[in-house]
Amino acid sequence: MSLPLGPGLAGTRILLGISAGIAAYKSAHLARLLKKTDAEVRVVMTAGAQAFITPLTLQALTGEPVRTSLLDPEAEAGMGHIELAKWADIILIAPATADLMARLAHGHADDLLTTLCLASEARCLMAPAMNQAMWRHPATLANADRLRELGWTLLGPDAGDQACGDVGLGRMLEPEAILTQLLAALEQRPDKSSKAMCVHQDLAGKRVVITAGPTREALDPVRYLSNHSSGKMGYALAAACAERGASVSLVSGPVTLATPPGVDRIDVTSATQMLATVEAQLPCDLFIGCAAVADYRAAKVSEHKLKKRDDESGLTLELVRNPDIVATVAARPDRPFTVGFAAETRDLETHAGSKLERKRLDLIVANDVSREGVGFGSDDNAVTLLWLDNGQTQQQPLPIQPKATLAGAILDHIVAHLP
Ligand code: PMT
């Protein structure tokens, strides 16, 4: 892999924090890569990190003494911890363990690294690394959200084999990928003072097509079949993709939402129009089918308003199947990474899992729309991600949160799995 070395980080003061994960051995390579960019690199290690890699290794690679203790009189006589906090342009923690994330999310300052983070105005990034079950735990996911709110940029985690033998999401990104994503994040927001708007451009150069909202299937000139989708979830995804640097086409059913900045929106009404419009937007790198597409439409749309009969007899409508948009996209030879949603009112994981396989999707976002306060029309949502890994279905619940934040968490997963 060729690295974007050179002026990007030259002269930048990077404080590399290392916490107690097995991935700490990769931090030595990361320190080397950072040095190659002509950045100034100083390393701070937690007590636990030193069980995995020695300070001497990092000292040899950076040419600087490694700091490990908050209460070290010798170190405080030189560059004290507040000076070190002020010195840093960037704080990059790799690996960031679940425990460190929890402490940082709650503002702890019980060792040198957490104290520095609290005392510094540097741009803060971290590469989480932990067992897949620990990453999926709602406490960790809530901490990750809190850290993003506090201005941290999370790089990864990555999916794949783990040192403990598990397979899943949680391993640290490779050092080369950390460096690439660090540079992309800095390009997005080069100033180091404000932590408020950190968004990393991990979808830069990607083309994304998203469907959102309901479809309307005409019965006659004044009536139609539809559903309660407001479009909020799909629009939140489109906004998040654009913020992360993607070129986004949003194929939208009838909704009353404003178009997110930087998004190209195309309005449609029916499922067949939605399919034709989506196909005209392909190929793309990522397709997200968030729309609540009607499964059926009227076999024949009446040219004139259907009249109520004078007698008491009912009305029978003949419906025919609509094409399945997400399955059509997934079946193409040039298929993008294809993500579907599943709106279910019972047996969520079973039905979503079967849609994942039947529609040949890379990921399905299962949505229990029977729950109060989530799903159709609400500002919040809670979902479970399902995907296949070596033929085994994997799951990751994402707790209730605003649709805008949830969109970010769904994209974190997608980015980690995109080819
Ligand atoms: O719009 P909001 O008010 O914010 O609500 C969000 C939401 C509940 C609509 C959203 O989170 C959601 O769950 N969207 C999918 C709704 C749906 O149609 O689910 P489904 O289980 O019927 O369909 C499964 C998948 O197939 C979906 O990706 C759907 O877009 C797709 N599909 C379905 C039928 C069809 N003919 N073509 C399709 O592409």
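**Reading the ligand site and the domains**

Tutor: Let us start at the ligand, where one of its oxygen atoms is 2.8 Å from a polar backbone atom of Gly231. Please keep in mind that this is a predicted model.

Student: How many residues are around the ligand, and which come nearest?

Tutor: There are 29 residues around the ligand, and Ser229, Ser230, Gly289, Lys355 and Asn367 come nearest.

Student: Let us turn to the domains. What does the domain assignment of the chain give?

Tutor: The assignment divides the chain into domain 1, residues 13-185, and domain 2, which is written as two segments, 207-304 and 314-417. The C-alpha centres of the two domains are 37 Å apart. In the contact, 11 residues come from domain 1 and 13 residues from domain 2.

Student: How should I read the area buried between domain 1 and domain 2?

Tutor: Buried area is the accessible area that two parts lose on being put together, summed over both. Here the value is about 1,000 Å², and carbon and sulfur atoms give 54% of it. On the side of domain 1, Arg136, Asp145 and Leu169 lose the most area to domain 2, together accounting for 39% of what that side buries.

Student: What polar links are found across this interface?

Tutor: A salt bridge requires a side-chain nitrogen of Lys or Arg within 4 Å of a carboxyl oxygen of Asp or Glu. The rule finds 1 salt bridge across the interface of domain 1 and domain 2. Arg148 and Asp412 form a salt bridge, with their closest N and O atoms 2.1 Å apart. The count of residue pairs in polar contact between the domains is 2. The elements giving two or more residues to the domain 1 side are helix H7 (132-136), helix H8 (138-149), strand S6 (158-161) and strand S7 (167-171). By class, that side has 6 nonpolar, 1 polar and 4 charged residues.

Student: Finally, how should I read the backbone angles?

Tutor: Most peptide bonds are trans, and most residues other than glycine have a negative phi. In this model, the peptide bond from Ala94 to Pro95 is cis, with omega near 0 degrees; Pro95 is in strand S3 (residues 90-96). The bond from Gly156 to Pro157 is also cis, with omega near 10 degrees, and Pro157 belongs to the loop between strand S5 (153-154) and S6.

Student: Where is Asp347 placed, and what is its phi?

Tutor: Asp347 is in the loop between strand S16 (337-344) and helix H13 (348-358). Although Asp347 is not a glycine, its phi is positive, about 45 degrees.

Terms used. Residues are numbered from 1 along each chain as its sequence is written. This is a predicted model: local features need pLDDT of at least 70, side-chain atom pairs count only at pLDDT 80 or more; totals for chains, interfaces and linings use all residues. Side-chain values use heavy atoms; hydrogens and water are left out. Domain bounds come from an automatic or database domain assignment. Contact means heavy atoms within 4.5 Å. Buried area is the accessible area (1.4 Å probe) that two parts lose on being put together, summed over both. A polar contact is a pair of N or O atoms within 3.5 Å; within protein, one must be able to donate a hydrogen and the other to accept it, and residues adjacent in sequence count only if both atoms are side-chain atoms. Helices (H or I, at least four residues) and strands (E, at least two) are DSSP runs, numbered from the N terminus. Ala, Val, Leu, Ile, Met, Phe, Trp, Tyr, Cys and Pro count as nonpolar, Asp, Glu, Lys and Arg as charged, and the others, Gly among them, as polar. A residue is near a molecule or strand if one of its heavy atoms lies within 4 Å of it.
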